[in-house]
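Please keep the sequence and the 3D view at hand while reading.

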Amino acid sequence: MSFSSPAASTAAHLTLLTVLSAATIYCFYKSRRLKFASRNPKPSLPPATGKLFFISQTGTSKALGRRLLNLLTSNGLVFDLVDPKDYEPEDLCKETLVLIVASSWEDGKPPPGARFFANWLEESADDFRVGSLLLSKCRFSVFGVGSRSYGEAFNAVSRHFSKWMRALGAEELFPVYEGDVDGGDLDEVFDSWSGKVIQRLKGGLVENGDARDFSVVCHSDEEFVDGFLDDDDDDYIDGEENADVGVVDLEDLAGRGPTRKLGQEVSSNGRVNGVKEMVTPIIRASLEKQGYKIIGSHSGVKICRWTKSQLRGRGGCYKHSFYGIESHRCMEATPSLACANKCVFCWRHHTNPVGKSWRWKIDDPLEIVNTAIDLHTKMIKQMKGVPGVKVKRLAEGLSPRHCALSLVGEPIMYPEINTLVDELHRRRISTFLVTNAQFPERIMLLKPITQLYVSVDAATKDSLKAIDRPLFGDFWERFVDSLTALKNKQQRTVYRLTLVKGWNTEDIDAYFNLFSIGKPDFVEIKGVTYCGSSATSKLTMENVPWHADVKAFSEALATKSNGEYEVACEHVHSCCVLLAKVDKFKVNEKWHTWIDYEKFHDLVASGRPFTSTDYMAATPSWAVYGADEGGFDPDHTRYKKERHHKPKN
């Protein structure tokens with residue numbers, strides 16, 4: 001048994017006392033520091049800035065992105081609005097919060113400006129060397145902007161972004177929200193997603209340790225409109241020439257106008273008063289800015305510039321020269337603003353809806369005809385007093401004798417098209433109907449038309465896909481079937497070719513091969529009309545052929561036919577040429593491309609079968625190909641505008 005010495009015991013007590021004293025001093029020091037800190041808090045670091053990316057081609061996602069940015073800012077959340085073309089993807093690993101508003105483009109691909117960003121994400125997600133922790137500190141959410149009409153390609157880009165971000169370890173706040181620009185619910189779905197984002201973030205950004213409570217601040221549609229239509233937002237149209245009249249691509253319409261029309265009940269499925277309407281308030285506002293008069297929920301009428309021209313005695317359109325219509329008595333209309341293509345040369349800049357089938361409310365055909373005539377005559381009356389308008393022609397113009405069912409969209413989609421045509425013929429109004437060759441079954445069911453057109457925009461499958469950008473996956477089969485259906489029609493039939501230099505002017509042999517399928521009475525060959533470059537079309541004046549180019553193309557096609565077709569007429573002012581079947585319309589060496597309209601209506605009223613040769617009429621000499629007049633009616637006065645172009649340096 002051992003005992004410690006008094007000296008050792010004293011040393012132990014001193015050591016313990018020292019430790020206790022040090023602890024007491026430390027605790028006193030810390031308490032003073034905390035008390036001081038509470039009185040003089042250290043400035044906190046500013047919250048990290050989130051990134052809000054917009055994947056956009058036509059401006060929709062950009063408009064929606066700005067709309068969300070305003071909402072985030074009003075709730076105290078700091079974000080940068082970022083165009084991916086200006087962002088270095090390598091920096092994505094530094095981000096802690098990312099929101100993406102993504103539009104899908106052709107074939108479900110991202111717009112060109114986002115291709116590099118998307119490729120980097122895809123390659124990184126597929127590269128095992130990168131690893132699944134690259135974005136492990138990042139939280140994200142994606143909203144998709146697309147059209148359900150494109151089937152499997154609907155919002156493909158947003159889905160891909162979600163998949164790639166997750167593959168790289170990012171945490172998704174909630175599954176992708178998908179808006180449908182053609183379904184009428186884009187704004188509602190976007191508002192729902194925006195609300196979810198704010199609700200998830202209103203407790204503050206977790207990575208910043210900021211526990212502030214943010215209340216969700218929502219704005220009315222009118223406030224959003226005011227925020228997005230000011231002078232600072234002109235770039236939404238991406239430099240489109242027609243910005244002054246509000247011409248925007250369909251996908252640009254989101255966020256540019258009110259999403260609800262007063263007095264209408266709008267539900268989450270995009271229906272108005274329980275029935276889905278083709279023309280939403282946003283689309284209606286855009287089309288009306290362009291001069292369209294909207295009829296009911298899916299039809300429209302608009303006065304043509306050639307109608308105005310012939311009212312003033314300044315010449316008619318090419319249909320006056322080729323077929324003898326009275327341009328000042330022609331009504332341009334459509335019973336369906338929807339279309340199944342998004343052609344690169346669309347002169348309406350795709351402000352109309354798209355769809356593969358009729359899924360909307362059906363308006364009464366009689367009401368459409370009555371309203372169209374009423375609106376058309378009102379527009380004619382507005383020409384009274386315009387310098388040069390002829391009193392006689394103005395009076396004649398109040399009684400339309402022709403209807404060009406080619407204003408915009410695909411008129412043959414309208415389920416009651418036969419009843420509508422019957423109503424026009426009952427009033428002895430001739431019908432010129434144009435179809436885009438995607439609904440062969442509708443062509444087969446169509447009643448006799450004064451003249452039935454099929455747009456033949458390209459001669460091969462690949463070029464047709466590139467030019468027309470069709471919704472249907474079997475677009476080529478539908479195209480060929482439409483030409484076949486045309487062959488079985490007994491009335492006048494036409495192939496309408498629109499030449500786009502650099503796109504479809506080199507396929508003489510392929511075009512001729514299509515002649516044997518539909519065996520059209522006529523082939524109209526016209527140079528594309530330049531309507532200004534836009535986000536949806538990069539065509540320039542370089543793509544517009546000269547009249548000499550169109551003539552050369554037409555003569556080559558005629559030669560290829562070995563005498564079956566010849567060049568019959570031309571309208572130099574429209575850069576348009578007509579081929580006609582020789583055995584039908586060249587009688588005793590004189591062309592008979594014009595129409596005896598009164599006889600046509602008598603034949604329709606008789607109910608007996610008839611053919612295109614039963615109502616043909618002789619073509620005047622001034623309209624024949626090669627005439628000095630170039631297709632300009634000598635009874636009219638040629639008017640040329642003075643153009644003062646700046647000299648080239």
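In which sense do strand 12 and strand 13 pair, parallel or antiparallel? In this predicted model, strand 12 (residues 402-405) and strand 13 (residues 430-435) pair in the parallel sense, and 4 bridges join them. Within that pair, His 402 stands opposite Ser 430 in strand 13.

- The open sheet is formed by 10 strands, which follow the order 9-10-11-12-13-14-15-16-18-17, and the pairing is mixed.
- Strand 9 (293-295) and strand 17 stand at the edges, and because each has a single partner strand, one side of each is left without a neighbour in the sheet.
- On average, and with direction ignored, neighbouring strands of this sheet are turned by 25° against each other.

**Strand 18 and its partners**
- Strand 16 (residues 522-527) pairs with strand 18 in the antiparallel sense over 5 bridges, and the bridge partner of Phe 522 in strand 18 is Ala 580.
- Strand 17 (residues 565-571) also pairs with strand 18 in the antiparallel sense, here over 6 bridges, and Tyr 565 stands opposite Lys 581 in strand 18.
- The hairpin of strand 17 and strand 18 has 4 residues between the strands, and in this hairpin Cys 575 takes a positive phi near 55°.

**Burial of strand 18**
- Strand 18 (residues 576-581) is mostly covered, with 6 of its 6 residues buried.
- Cys 576, Leu 578 and Ala 580 point one way from strand 18, whereas Val 577, Leu 579 and Lys 581 point the other way, and all are buried.

Notes. Residues numbered from 1 in each chain as written. Predicted model: local features only at pLDDT ≥ 70, side-chain atom pairs only at ≥ 80, totals over all residues. Heavy atoms only, no water. Buried < 20%, exposed > 50% of the residue type's maximum accessible area, 1.4 Å probe, protein only. Helix = DSSP H or I, 4+ residues; strand = E, 2+ residues; numbered from the N terminus. Pairing = 2+ DSSP bridges. Axes fitted to C-alpha atoms, helices over the stretch in contact; angles between N-to-C directions.
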